[in-house]
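Dear colleague,

Please find below the structure that I am handing over to you. My notes on it follow directly after.

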Amino acid sequence: MIESLSFRTQARTLDHLGREQIADCPTAISELWKNAYDAYAQSVALHIFDDPEPVAVIFDDGHGMSYDEFVGRWLVVGTDSKYQQVQDNPADRGELPKRTKQGQKGIGRLSCANLGPLLLLVSKRKHQDFVAALVDWRIFENPFLVLSDIEVPVTRFTDRDQLFKLLPNLFERLTDNVRASEKKTERSERLRAAWEAYDHVALEDGQTPERPSDAIANTIINARFETRHLESWGVWTGESEQGTALLISDINYDLRAQLPSIDEDGNVKKIRDSFKATLSAFVDPYVDETASEYNSFYPQFSYEVKTWSDSNARLIVDDNREMLSRSVTDEMEHVLSGNVDENGVFRGQVKAFGEWRSLGSDYVIPPPKDYIPPSGPTTFVGPFALYVATYERDRLSSTHNDHDHARLREMPDELTGFLMYRNGLRVLPYGRVDNDFFEIETRRSVSAGREFWNARRMFGRVAISRELNPNLRDKAGREGFIDNRSAKALRTLVIHILRRVAYEYLGQSADLRQELLPDIKERNLKERAEVEKKRLAKKNAEKFRSRLRRNLPEITKIHEETKVLVDGLAIKDACDLDNAQSLINEINSKLSELRITGAPAKLGSSEDDYRQFRTRFSELQATVKALSEMRSEAIERIKPSSPEEIAEKQLKSLASRMHARLNFWRKSITALQQSEDDRVSSLFDERNKAFHALAMPLVEQVKRGRLSLDEALEEMGAIHEKLEAENENTFQSYLDALELMSENINIELIARQGTIENIELKDDLNRLNQLAQLGITVEILGHELNTNERMIRDGLMQIKTLGSIPGARMIETGFEALSQQLEFLSPLKISGSRTRRTITGEEIASYLRSFFESVIKSRNITIEASEDFLRFSITEQPSRLIPVFVNLVNNSVYWLATSRTPQPTIELSVIDEKVVISDNGPGIDPLDQESLFKMFFTRKVSGGRGIGLYLCRVNLMAGGHLIEYSNSRKFQRLSGANFVIDFKGAHFV
């Protein structure tokens, strides 16, 4: 007898297809987001609420479901994606292009079970009523239940406020699946028997302390879904007419771990890192509209994950294209991008060490010699795109500057990895830390230098599509591709391409690296030295300004107090002598404490304060000197009876002061040495372990036969050489510094002074370049003026032959004035006459009065010259000598006018066969006198370049002459500034 029987589906089948199939929580979320994408959502979100019983909500703005669609499709397990494509309604898409379905097996919706047992689904299609359903996935864990006996309570409603009025009935109907109604029907009897059997087995096996039916029923009864859980959903707020929300209660531990209220430990951190790494790059961030790449899709789909504590939201994940995008990664120093055709040939472009080595499709990598492309309809790979970018781990080997390299190293771990995207959405688990599909880390463990690529420092992806790569199919649990010929071929091709790029451009054996790396390292070492100089300069400047801010008020106070004490001081006897010595000691002690050294090259806003400080300091030193002179005079006059007691007291006072300062330095140095000793010891321990950690895997590879002895020894030698260089760079420089310190060489002073000089020299160089350009301009201008002068003169002569023409006289007068100015300019030209001739004081005085004629009249300034000056003479180049007097007189004119000196006078004289240029202006501040002849030093508020006096000294030195600023009374002809020139070979009558 033949019977026709059908399969009976146990309820647990759904549990196998859902909760037990999905790899983990982030994968489940990814599947649900893909469902939203298939529903033509433009955005999807996961919000987790930190309630007493936490709730998670996934909502989207897709086309939603009507009641009939929910019953006919959502509740039907295994709806085919091809059928869904046929059923696509253009109205569902809105303005979006048609999307390729991400779902294939019709079981993605069952991923909800992985997130939590209790699900409230709410959906709305445009112009349709809301539909809501309540599911508890634990019911499907009962192996004694038949699937058809489980009923899902479903309802429809028009207004959103009706949902929470209908919820109690939904909960009650759902509970009927666990606690069968009192009515004795065949279904209720089967339910009752199934739960009794399940409870009995669970309690006997010790699986749970309470009956599963009670646990499920109590969860359903105590579940809390509230309006606030939906307040961010556009459908709920009225911003959208369609979409779906999934509210989940009793959420799993991975979702709870995202909440701020959970106690954070190592395990929670690991869960959070994995969660962010899986969901942060859900949409392909490497799409470039300008690049011709296979399968490069930008799906117009945004996503986010937030947690809520009370009314405070915290963003965990979002589609952040500012942090990671093609524009960001294209700036990295190593980039590979291109396409692989159906035959496995790669064509694209490559950037290495900051420069594109091949562009467009010029870089060609054929497949491995033993590669045979699978060509069957169920085995072919199809064309795909590849893009990857990275950077050098070691800053010294990198072409990036410090800022960019640090920024790249600080990029969050969740953004790194070599990922896989299908039609623009991520394929899991590729690119996760625990997945090494392309054997990047495996090869790296064999030879990190030769293989180069590091998954934690890679930014990129392989782009495939459902259309071009249909044989790359996911496993049911979304744990990667089914391991068929197509997947194997894809892996082989990508591995081969990455290795070729490493061997040809990036790895330690690549010719390009060998060629470029020495220059890159040398350049980076120079840049690092410059950075360190700037850091030191900044540190010294900050330290200087801090001490200046602290010491200026103190020294001002001491200065005022000391002035009062000194004004009232009189040394009449031995007691007064003792008091005077105590005052000298006290002032000296305070000066020692307040002394400030290491002034930066550029004081900026602190310049006036420093000038005031130095003035006060100098005045206090002068006070000490005056007091010491008073003490000396008093000792001779008083002749104290016990001079040895005074000397011994002074010895004790000075010794006590010295001991106090030495103790302070000793304590500070000891504390710093201890801290540094701990740091260096830790560093030695770390470096001692480094070689073993890197080289030991090579021994293991040789043991397993995966690496030849020769290769292992070569790689071990390379590791040793690299670490030796790093250790020498770290410790030898440290040792050299200590040796210098042991010889009492002040390396801080050397570094500080070198930094100051370096800054000054750079500034001087820039200004000299500007000055050189000015000189060239004068040359060109002088040449052109000379040419034009001749043309004008000839033209005027022709005009005169025509008789008296109106305006001709005015033109002639103006021309003569211009011609005279040109004559004054000629001595200043760089290429002026090199001819030496006799120049007299009378000629110089006449030249100066003519040159400054207009200024003298407008400012009422007198230029006087003594008889001795007028009679002095010297044989010299005019272009060397005349500018010196022009500069000196010009400076005097400026300060006389600026200070509004009454009866302003400039005098040229001769004293002790030296020429003196004097004025009765404000003179020069003693603090500025040491810098007077330095290049670019100026106190002029405007119009000053700070090169005049420098050029005066240089011009005179070229002829063996000397110039100085004098404070000597002998040379102070007038009350202001007095410059003295000692001319070599001058004649004085």
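How many bridges join strand 13 to strand 15, and do these strands run parallel or antiparallel? Six bridges join the two, and they run parallel. Please note that the model is a predicted one.

In general, the strands of a sheet pair through backbone hydrogen bonds, in either a parallel or an antiparallel manner.

Backbone features around these strands

Asn423, in the loop between strand 13 (417-422) and strand 14, has a phi near 50°, a positive value in a residue other than glycine. Its relative accessible area is 4%, and because the limit for a buried residue is under 20%, Asn423 counts as buried.

Phe452 also has a positive phi, near 70°, and is likewise not a glycine. This residue is in the loop between helix 16 (448-451) and strand 15 (459-464). With a relative accessible area of 6%, Phe452 is buried.

A cis peptide bond, with omega about 10°, joins Leu428 to Pro429. Pro429 is in the loop that runs between strand 14 (425-426) and helix 15 (440-446).

Salt bridges

The structure contains 44 salt bridges.

- Glu151 and Arg187 meet at 3.4 Å, N to O. Glu151 lies in the loop between strand 4 (130-136) and strand 5 (154-157), and Arg187 in helix 8 (residues 186-205), so the pair ties together parts that are 36 residues apart in sequence. Glu151 is partly exposed, at 40% relative accessibility.
- Glu226 and Arg228 meet at 2.8 Å, N to O. Glu226 is partly exposed at 33% relative accessibility, and Arg228 is partly exposed with a relative accessible area of 30%.
- Asp404 and Arg407 meet at 3.5 Å, N to O. They are three residues apart in helix 14 (residues 402-409), and therefore separated by about one helical turn. Asp404 is partly exposed at 24%, as is Arg407 at 36%.

Finally, a network of salt bridges links Glu53, Asp136, Arg138, Asp250 and Arg256.

Yours sincerely

Definitions and conventions
Residues are numbered from 1 along each chain as its sequence is written. This is a predicted model: local features need pLDDT of at least 70, side-chain atom pairs count only at pLDDT 80 or more; totals for chains, interfaces and linings use all residues. Side-chain values use heavy atoms; hydrogens and water are left out. Helices (H or I, at least four residues) and strands (E, at least two) are DSSP runs, numbered from the N terminus. Buried means under 20% relative accessible area, exposed over 50%, partly exposed in between (1.4 Å probe, protein chains only). Two strands pair if DSSP finds at least two bridges between them. A salt bridge is a side-chain nitrogen of Lys or Arg within 4 Å of a carboxyl oxygen of Asp or Glu.
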